[in-house]
Amino acid sequence: MHEVLHALGVAHEHQRPDRDDTIIVDDAEINLQYPSLADQFTKLPSNGWWDSSHDLEIGSSMMYPSILSTGDNPVMVLKSDGTTQWGNHGAMTTTDALQEGCFVGAPWGNIILHTFFYTLIFLHTYFSARKKCSFLH
Ligand SMILES: [Zn+2]
């Protein structure tokens with residue numbers, strides 16, 4: 001889901017301009033553990049993110065895990081209660097849907113892109129199923 005949303009133009013949840021209201025991003029820890037990933041944690045400018053007034057969601061599929069594969073210390077912490085354990089790249093959340101629905105800005109562009117990507121997903125699923133089920137030839 002993460003990569004599909006990127007293809008649709010959605011940015012990382014942990015890079016949104018208002019992220020500091022909700023999470024603490026530890027740049028020093030990122031640079032220590034995974035320097036080449038540092039630009040994936042850079043805060044976006046305000047014009048790089050659509051402000052839907054919806055709060056940051058740590059369960060967003062566009063959120064990186066708080067603990068990277070390269071270390072035991074978290075690189076992000078939830079401000080409200082100090083939570084350091086998350087990492088859900090499975091389901092789409094409210095903030096994902098809001099960002100995805102808005103990135104084009106033009107309804108027709110959105111409809112065309114949706115049709116295109118859902119067709120691709122359908123074709124991929126269909127042909128994957130055909131490979132597995134020989135009776136479908
Ligand atoms: Zn990503």
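Student: What should I know about the model before reading on?

Tutor: It is a predicted model, in which local features need pLDDT of at least 70 and side-chain atom pairs count only at pLDDT 80 or more, while totals for chains, interfaces and linings use all residues. Residues are numbered from 1 along each chain as its sequence is written.

Student: What is the mean pLDDT of the chain?

Tutor: The mean is 83, and 85% of the residues reach 70 or more.

Student: How many helices and strands are there?

Tutor: The chain has four helices and two strands. Read from the N terminus, the order is α-β-α-β-α-α.

Student: What share of the residues is buried?

Tutor: Of the 137 residues in the chain, 15% are buried. A residue is buried if 20 or more other C-beta atoms lie within 10 Å of its own, exposed if 12 or fewer, and partly exposed in between, with C-beta atoms placed from the backbone.

Student: Which residues of H3 are buried?

Tutor: Thr95, Asp96 and Gln99 are buried in H3. They lie on the same side of H3, because they cover an arc of only 100 degrees around the axis. The arc is that of the directions from the helix axis to the C-beta atoms.

Student: What covers them?

Tutor: The cover over the buried residues of H3 includes helix H1 (2-7).

Student: Turning to H1, is glutamate 3 buried or exposed?

Tutor: Glutamate 3, which is found in helix H1, is exposed because it has 9 other C-beta atoms within 10 Å.

Student: Where is isoleucine 121?

Tutor: Isoleucine 121 is in helix H4. It counts as exposed because it has 11 C-beta neighbours inside 10 Å. Isoleucine 121 and valine 4 are 117 residues apart in sequence and 9.4 Å apart in space, C-alpha to C-alpha.

Student: What about contacts across the chain as a whole?

Tutor: Two residues are in contact if their C-beta atoms, placed from the backbone, lie within 7 Å. Among contacts between residues at least 6 apart in sequence, 79% join residues at least 24 apart.

Student: A change of topic: what is the phi of serine 53?

Tutor: Phi of serine 53 is near 70 degrees, a positive value in a residue other than glycine. Most residues other than glycine have a negative phi. Serine 53 is placed in the loop between helix H2 (27-33) and E2. With 6 C-beta neighbours inside 10 Å, serine 53 counts as exposed.

Student: Lastly, where does threonine 83 lie?

Tutor: Threonine 83 lies in the loop between strand E2 (76-78) and helix H3 (94-102). It counts as partly exposed because it has 14 C-beta neighbours inside 10 Å.

Technical notes:
pLDDT is the predictor's confidence in each residue, from 0 to 100.
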